[in-house]
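Visitor: I am new to this structure and would like to be guided through it. May we look at it together?

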Amino acid sequence: EAALLIEAGYETIVDELWYIYATEEMRTKRLMDHRGYSLEKVKSIMEKQLTDEAFREHADFVIDNSGKLACTYAQIDHRLEGYTWLE
């Protein structure tokens, strides 16, 4: 849970924090479809979370997970290309 990592100060002990982003509409749809949450429950959860701006402020890299899974994988692959330890 990224929010807990930020609030607990983990950014001082990890090499990078990645923010996996999805639009509010997409997150709402996913929570309702996959977990069966009501709209009220989704809103309650989101109200307790850090803002998008706060996540981005602490993130070293942002991945947009609002679309197709292949697009998300491509963003991850692109970021990992620069790491020599993967060779």
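Visitor: Leaving aside neighbours within four places in sequence, with which residues is Tyr19 in contact?
Guide: The model shown is predicted. Once the residues within four places in sequence are set aside, the partners of Tyr19 are Arg27, Asp52, Phe55, Arg56, Ala59, Phe61, Val62 and Ile63.

Visitor: In what order do the elements of the protein chain run from the N terminus on?
Guide: The secondary structure comprises five helices and two strands. Read from the N terminus on, their order is α-β-α-α-α-β-α.

Visitor: Is Thr28 buried or exposed?
Guide: Thr28 is found in helix H2, which covers residues 24-35. Its relative accessibility is 15%. A residue counts as buried under 20% relative accessible area. Because 15% is below that cut-off, Thr28 counts as buried.

Visitor: Which backbone oxygen does the side chain of Thr28 reach?
Guide: Beyond four places in sequence, Thr28 touches Leu39, Val42 and Met46. The side chain of Thr28 also reaches a backbone oxygen at 2.8 Å, and that oxygen belongs to Glu24.

Visitor: What is the relative accessible area of Thr72?
Guide: Thr72 is found in helix H5, residues 69-80. Leaving aside neighbours within four places in sequence, Thr72 is in contact with Ile63, Asp64 and Asn65. Thr72 is buried, and its relative accessible area is 6%.

Visitor: What share of the residues of the protein chain count as buried?
Guide: Thr28 and Thr72 have both been described as buried. The protein chain has 87 residues, and the share that count as buried is 21%.

Visitor: What share of the accessible surface belongs to carbon and sulfur atoms?
Guide: The C-alpha trace spans about 45 × 30 × 20 Å along its principal axes. The accessible surface of the chain comes to about 6700 Å². The part belonging to carbon and sulfur atoms is 53%.

Visitor: How far apart do the centres of the positive and negative side chains lie?
Guide: The protein chain has 10 positive side chains and 18 negative ones.

Note on methods: Residues are numbered from 1 along each chain as its sequence is written. This is a predicted model: local features need pLDDT of at least 70, side-chain atom pairs count only at pLDDT 80 or more; totals for chains, interfaces and linings use all residues. Side-chain values use heavy atoms; hydrogens and water are left out. Helices (H or I, at least four residues) and strands (E, at least two) are DSSP runs, numbered from the N terminus. Buried means under 20% relative accessible area, exposed over 50%, partly exposed in between (1.4 Å probe, protein chains only). Accessible areas come from the Shrake-Rupley method with a 1.4 Å probe; for residues, only the protein chains shown count as cover. Lys and Arg count as positive and Asp and Glu as negative; His and the chain ends are not counted. The place of a charge is taken as NZ of Lys, CZ of Arg, CG of Asp or CD of Glu. Contact means heavy atoms within 4.5 Å. A polar contact is a pair of N or O atoms within 3.5 Å; within protein, one must be able to donate a hydrogen and the other to accept it, and residues adjacent in sequence count only if both atoms are side-chain atoms.
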